Amino acid sequence: MKIELTVNGVARTLELPPLLRLLDVLRGPLGLTGTKEGCGEGECGTCAVLLDGEPVNACLVPIGQCDGRAVVTVEGLAVDGAPGALGRAMAEHGGAQCGICTPGMMISAEALLVARPAPSAGEVRHALGGTLCRCTGYERIVDSVLRAAAERRGAGEVGP
Amino acid sequence: MSSSEVRREHVGRSVGRVDGAAKVTGRALYVDDLPARPGELHGAAVRSPVARGLLRSIELDPAFDWSDVTVVRAEDVPDNVVALLVDDQPVLARTRVNHAYEPVVLLACADRGKLERAVAAVRLELEPEPAVLELEAALAAETVISGPDNVQSRYLITKGAADVEAEDRVAASRAAIERALAGCEVVVSGRYSCHHQEHLYLEPNGMVAWWDADGLHATGSIQCPYYVQKGLCRGLRLPAERVHVTQAVTGGGFGGKEEYPTMLALHAALLAQKSGRPVRMVYGRREDIEATTKRHPAVCEVTTGCDRDGTLRVLSLRALYDAGAYVTLTPVVLSRGVLHAGGVYAWRDARIEGLSLATNTPPSGAFRGFGAPQTLWAIERHVDRVARELGRDPAELKRQNLLRVGDSTPTGQVLRGSVGLAECVTAALEASGYRDKRAAPPRVVGRKARGIGCSVVLHGAGFTGSGERRLQGKVAVDLRPGGRLCIRTASTDIGQGTETVFAQIVADAAGVGLADVDFATPCTTHVPDSGPTVASRTVMVVGSIVERAAQKVAARVRAEQAAAGGSFAAAGDRLLAREGAVSALEQYEPPGWVAWDDARYKGDAYPAFAFACDVAEVEVDLDTFEVRVVGFWCAADVGRAVNPVMCKGQLEGGALQAIGWALTEEVVWRDGRILNPRLTNYIVPTALDAPPFETFLVEAPFEHGPGGGAKGIGELPMDGGAPAVAAAIEHATGLVLDGLPLTPERLLAASLARGEVKP
C-alpha cells in the first residue's frame with residue numbers, strides 16, 4: 001500500500017503492507033529509533049508519538065491508518081537536534097533517569113502543554129498516566145514538565 | 001590535597017545529567033537501537049513448559065524448512081555452565097529441566113516471523129516429575145530436589161548470650177537465645193512473609209553478539225560487563241583477551257541486569273558462533289517477565305524480648321529464602337538479608353539464622369535491596385507488633401531503641417560514625433505531621449479511612465565483609481589533549497546517574513570544569529574491572545577511587561604548570577607530548593579498620609550504612625479495600641549528596657518500587673508457571689498511583705566517602721516502603737497484615753477473619 005504522511009514535518013511516501021505497526025516503520029525504514037518498545041500491547045506508553053497532535057501508542061497503530069496524517073516523534077521535539085524547553089527541563093531536573101520512558105513521557109507532556117500551557121500538577125499526572133516510569137517515582141517528571149510549561153510561557157518560574 | 005582543601009564547585013550541586021541531551025532527543029542508542037550488522041540474525045530460545053522433568057528428546061518438525069535456521073543444543077555448548085557462584089546452572093538444559101521457562105534449544109533466523117514459527121516447530125519430549133514450588137514444601141523436603149534436604153545455603157549470626165562456643169553452634173545458640181528470651185519482661189512472636197517481585201525495567205534484556213578476528217564481541221543492556229565476560233570465557237572456553245563485552249545505553253536494571261545477561265550473552269554468542277553471523281536477541285516483555293530473575297520470596301519467624309519500658313533486648317529471627325531452581329547469587333542475597341535482619345535497633349542478644357531453599361521456580365536473583373527488604377519488612381512489622389503489645393506508638397518505640405555511634409550490630413560491628421538515624425526520624429515525622437495524625441483517631445470520611453505509618457531502615461554500602469578486599473575494584477583516569485580528563489570504569493550508568501556524579505567528583509578533585517570530563521563507554525577491552533554495578537557501591541566505593549585517580553592526574557599537570565607555566569590544558573598537552581600517556585590507575589582498599597570473619601560471620605559487615613525514615617499516609621476504601629498512598633515522606637542519611645536532585649530521584653524511585661511491591665505487584669503462579677507475564681496484569685504504579693513525595697537529605701558524612709563523605713544509597717529506598725505502608729493501613733483500619741502483597745483480597749480476608757465483614 002502506498003502511504004503518504006509527514007514525519008517530524010517532512011513529507012514521506014512509503015510503500016508498505018498496511019498492517020505493519022507504526023512503531024516498526026518508525027524504528028525500521030524511517031530510522032527513528034528514539035521511539036521505544038516497552039510492552040507491545042499499549043500498556044506502557046513508551047512508544048507514544050503524536051498522530052495529528054494526539055498522543056497514541058505506536059505499537060497499536062497500523063501504518064495504513066497513517067496515510068495523509070502527521071506523525072511527530074521525540075526526535076521531532078528537538079530544535080535543530082538540541083533539546084527544547086521540555087527536553088532541557090527533563091535532563092536538568094531529574095525527569096530523565098534511564099531515559100527509556102523519556103521519549104514517551106515527552107510526547108504525552110507535549111500534547112498536554114499544547115492544549116494547556118499552564119497545567120496543574122494533577123493535570124500533568126493525568127496526562128502522563130498512560131506512560132510508565134520505573135526509575136523516578138514520577139515526582140521529578142511532574143516537576144520537569146511544570147518547569148518547562150513555565151519556561152514556555154515565558155514566566156520563568158513554576159506556577160501557579 | 002586533603003579533603004578539607006578541596007574546593008567543591010560541582011559536588012553538592014544538582015547539575016543536569018551529562019547524558020541528558022542524548023536521552024531527551026532520542027539520540028541515545030540502546031541495544032535494540034544499534035544498527036543491524038551485515039548478515040545479522042535474530043535469535044530465540046525454546047523453553048521448558050513444565051517446572052520439573054526429564055528431557056527425553058528434542059524433535060524438529062520434519063515438515064518445517066530448517067534450511068535457514070541455526071539450531072543450538074546443549075551438546076553444542078563447549079562448557080555448559082553459567083559461571084556464577086556455583087556451577088549448577090546449565091546454559092541449555094541437557095537431560096532434565098528444573099524450572100518452567102528453562103532454555104533447552106536456541107534458534108536463529110534472519111526472518112523474525114519465520115523464527116517464531118520455528119520455535120513452535122520444536123517439540124520437547126519431557127517426562128514431568130513432582131515439583132517443589134513453595135518454601136514450605138521445600139522445607140518439608142518430602143520431595144528433595146537439592147542436596148539432602150533442599151537447603152542450599154545457611155548462615156548463623158550470634159551476639160551476646162547467643163554467642164556460645166559449642167560443637168553444635170546451631171542448637172546451642174538456639175537454646176541460649178531461648179533462655180535469654182525467657183528472662184525478658186515482654187516476649188512477642190510473629191511470622192512475616194513476602195513475595196516475588198519483577199524488576200520491570202522498561203527496556204527488556206537484550207544482547208547482540210558477533211565474532212571476528214579479535215574473538216567474540218557482545219554488546220548489551222547490562223550492569224556488569226565483567227560478569228558477562230567471565231561467563232562467556234567459561235561457557236565458550238575462551239581467554240579473556242578474546243572476549244569483548246560492551247554496555248549499550250541501558251534502560252534500567254535494578255539488579256535484573258546484574259547476573260541474568262550472562263545467560264543471554266551466552267545464548268547470542270553460541271548462535272553467532274554456529275551460524276557464523278551476528279545475532280541479536282532482544283526479549284519481548286512476556287519472555288522477559290517469564291525467563292528472568294525475580295526478588296526472592298521469604299518468610300521470617302521473629303521472637304523478641306524487651307523491658308516493659310520498651311527497651312529492646314533480645315532478638316531471635318529465622319529467615320527462609322526461596323532461591324528458585326539454581327543457586328545464581330542466592331547465598332550473597334541471603335547474607336545481606338541476615339546482616340540487615342536486626343534493623344536499626346541495638347540488640348543486646350541476637351540469634352539470626354538464614355536458610356535458602358531450592359524450589360522448581362525460575363531462579364531468584366539480584367534485585368535492588370538484595371535480600372535486605374525481606375528481613376527489614378519482618379523486623380519493622382515486628383517492632384510495630386511489639387508497640388501494639390506495649391500500648392506504645394511504634395515510631396516512639398523505634399526512636400527509643402535506635403542504634404547510635406558506639407552501639408554494635410548483631411555481627412558485633414561497632415558503629416564508628418556517620419549515623420544520622422535520629423535526625424532522619426525527626427525530619428520525617430515532623431514533615432509528615434505524624435504525631436498529630438497518629439494522636440487523633442483515624443480519619444474516616446464516607447467510606448475512606450486515612451492512616452499514617454512509619455518505618456526506619458538501614459542499608460550497608462559496598463560488598464559484604466571481606467568482599468571489597470577480594471574484589472580489588474579498579475578505575476583509571478586519563479589525561480587527554482586540551483586538559484580533558486577521561487574516566488575509565490566498568491561501573492555502568494543504568495539510569496542512576498553514574499556518568500554525571502563521577503564527572504562531578506572528578507571535576508572537583510582535579511579542579512577542572514564539568515565539561516572537561518569524559519566518561520569512556522564501558523567495554524572490557526578498554527576499562528579496568530571496577531567490580532560490578534551493584535550493592536550501593538558505585539558512588540561510595542568506586543567513586544572514592546575515581547576521586548583519588550583524578551587528584552593524582554591533576555597533581556601531575558599542576559606540577560608541570562608550576563614548573564613551566566601555562567594553563568592546565570597547555571601544561572597537560574606538554575606532559576602528553578613528552579610522555580605519550582598520562583593516566584592514574586587506582587585500586588580500592590577498604591578502610592584499614594574493616595575486619596570481617598567469614599567463618600563466624602562477625603565483624604564489620606559494611607564500612608558504612610545509609611539510614612532512612614519513611615512515613616506513608618494511606619487512604620483505604622472500606623468497601624473495596626483498595627489502598628491509595630496519598631503522601632510519602634522520606635528522610636535519608638546519605639552521608640553527602642553529590643547531586644541532590646539525582647539523589648532524591650533515587651530515593652523517590654526506589655520508594656515507589658517499594659510501594660508497588662507492597663500493594664499491587666504480584667507474580668501469580670500456577671504449577672510453576674506465571675499467569676500474569678504482561679503489563680496488563682502485572683501492575684506497576686503509574687503517575688496517578690504514585691503519591692507526592694517529600695524527600696529530605698540528612699548528611700552525616702562518612703570519612704572515607706568521596707566528595708566529602710558520600711555513602712551508597714541506591715538500594716536504601718527499597719527497604720522501608722512496604723512496612724511504612726502496612727503500618728499506615730493498620731492505623732487506618734486496625735487490620736494487621738504480616739504478609740505481602742497488601743492487596744484488597746488480603747485486606748478483605750483479614751477483615752473477614754476479624755468477623756467485621758460478612759461474606
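Author: Start at B:E652, which is buried, with a relative accessible area of 0%. (Buried is under 20% relative accessible area, exposed is over 50%, and partly exposed is in between, using a 1.4 Å probe and protein chains only.) Keep in mind that this is a predicted model, where local features need pLDDT of at least 70, side-chain atom pairs count only at pLDDT 80 or more, and totals for chains, interfaces and linings use all residues, while side-chain values rest on heavy atoms, with hydrogens and water left out. As for names, residues count from 1 along each chain as its sequence is written, and chains are lettered from A and ligands numbered from 1 in the order in which they are written.

So what does B:E652 pair up with? Its side chain meets that of A:R140 in a salt bridge, at 2.7 Å from N to O. The rule here asks for a side-chain nitrogen of Lys or Arg within 4 Å of a carboxyl oxygen of Asp or Glu. The general idea is simple: side chains of opposite charge can pair when their charged atoms come close. A:R140 is tucked away too, being buried with a relative accessible area of 14%.

Over all chains, the rule gives 74 salt bridges. This one joins two chains, because A:R140 is in helix α6 of chain A and B:E652 is in helix α17 (residues 644-663) of chain B. (Helices, H or I with at least four residues, and strands, E with at least two, are DSSP runs numbered from the N terminus.)

Now zoom out to the interface around that pair. Six salt bridges cross between chain A and chain B, and 26 residue pairs are in polar contact, with both residues at pLDDT 80 or more. A polar contact is a pair of N or O atoms within 3.5 Å; within protein, one must be able to donate a hydrogen and the other to accept it, and residues adjacent in sequence count only if both atoms are side-chain atoms. On the chain A side, the elements giving two or more residues are α2 (74-77), α3 (85-92), α4 (102-115), α5 (121-127) and α6 (139-153). The largest share, four residues, comes from α3(A). By class, that side has 18 nonpolar, 15 polar and eleven charged residues. (Nonpolar covers Ala, Val, Leu, Ile, Met, Phe, Trp, Tyr, Cys and Pro; charged covers Asp, Glu, Lys and Arg; the others, Gly among them, are polar.)

How many residues meet here? 44 residues of chain A are in contact (heavy atoms within 4.5 Å) with 52 residues of chain B. Together the chains bury about 3,600 Å², 56% of it on carbon and sulfur atoms. And our A:R140 shows up again: with A:Q97 and A:R134, A:R140 supplies 22% of the area that chain A buries against chain B, more than any other three residues. Buried area is the accessible area (1.4 Å probe) that two parts lose on being put together, summed over both.

Side chains of B:E287 and B:R47 meet at 2.9 Å, N to O. B:E287 is in helix α7 (residues 285-291) and B:R47 in strand β1 (residues 41-47), so this pair ties together parts 240 residues apart in sequence. B:E287 is partly exposed at 22% relative accessibility, whereas B:R47 is buried at 15%.

Another pair is B:K257 and B:E203, at 3.1 Å, N to O. Both sit in loops, B:K257 between β11 (243-247) and α6 (260-275) and B:E203 between β8 (186-194) and β9 (206-212), so they link parts 54 residues apart in sequence. B:K257 is buried at 0% relative accessibility, and B:E203 is buried at 5%. Then there's a network of salt bridges with shared partners, joining B:E380, B:R381, B:D384, B:R385, B:R388, B:K398, B:E730 and B:D738.

What about chain B as a whole? Chain B has 20 helices and 28 strands. Its radius of gyration is 26 Å, close to the 27 Å of the globule rule for 759 residues, so chain B is as compact as a globular protein of that length.

How values were computed
Rg over C-alpha atoms; globule rule 2.2 N^0.38 Å.
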